[in-house]
Structure formats: structure tokens, C-alpha cells
Amino acid sequence: MRLKIFLRDLYTCQCGCGRVEGDTSLLVCDHKTPHRGDERLFWDETNLQTLVKSCHDRDKQKAEQQSLHTRGVWH
């Protein structure tokens, strides 16, 4: 499914930077809405997007870290 999403997105980062990356080892198939174990969200192709690894690591991880307190991980 990962490669199917990359092809659908034309190997282009969906964060807005517009970077095209042909080396799939530098791409992440990212869940727009975290699935948190929900199989419906996990397999929903409309919930998946292509991100360049550097954008994913910078932007998505920052957002997830900021939401930890709302998910009961940090009190």
C-alpha cells in the first residue's frame, strides 16, 4: 500500500514544500489522522499521504509531541 500511496501522490511531499523524491527510502507513508490502533483509519487510503522523511520528522513529530498532554500520555 505504501508504494501505491507514493505513486498516487507522484512521489511528492504533501506538506506543502512540493519536494519530489524518487528514492522511496526517503519517503514516509504518513497517516493524516493518527490511527491509534483503529484499523479503519490505519487502512483508509484517504487518510494516507506521502511525506519526505525530513518533513515528517520535523513537522509531524512536533505536532504529535505537542498533543501528548491531551492524550493522557503526559499529565
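## Aromatic pairs, core and surface patch

The structure holds 2 aromatic pairs, where rings of Phe, Tyr and Trp (its six-membered ring) pair if their centres lie within 6.5 Å. This is a predicted model: local features need pLDDT of at least 70, side-chain atom pairs count only at pLDDT 80 or more, and totals for chains, interfaces and linings use all residues. Residues are numbered from 1 along each chain as its sequence is written, and side-chain values use heavy atoms, leaving out hydrogens and water.

**The aromatic pairs**
- Phenylalanine 6 and tyrosine 11 have ring centres 6.5 Å apart and planes at 50°, so this pair is tilted; planes under 30 degrees apart count as stacked, over 60 as edge-to-face and the rest as tilted.
- Phenylalanine 42 and tryptophan 43 make an edge-to-face pair, with 4.8 Å centre to centre and 80° between the planes.

**Inside the fold**
- Phenylalanine 6 is buried at 0% relative accessible area, while tyrosine 11 is partly exposed at 26% (buried means under 20%, exposed over 50%, partly exposed in between, with a 1.4 Å probe and protein chains only).
- The largest nonpolar core has 6 residues: Phe6, Cys13, Leu27, Leu51, Val52 and Cys55 (buried Ala, Val, Leu, Ile, Met, Phe, Trp, Tyr and Cys residues joined through side-chain atoms within 4.5 Å).

**On the surface**
- Met1, Phe42 and Trp43 form a nonpolar surface patch with about 310 Å² of accessible area together (residues with over 30% relative accessible area and no salt bridge, nonpolar side chains joined within 5 Å and like charges within 9 Å; a salt bridge is a side-chain nitrogen of Lys or Arg within 4 Å of a carboxyl oxygen of Asp or Glu).
- Methionine 1 is partly exposed at 41%, and phenylalanine 42 is partly exposed at 32%.

Methods. Areas by Shrake-Rupley, 256 points an atom, 1.4 Å probe, with all protein chains shown as cover.
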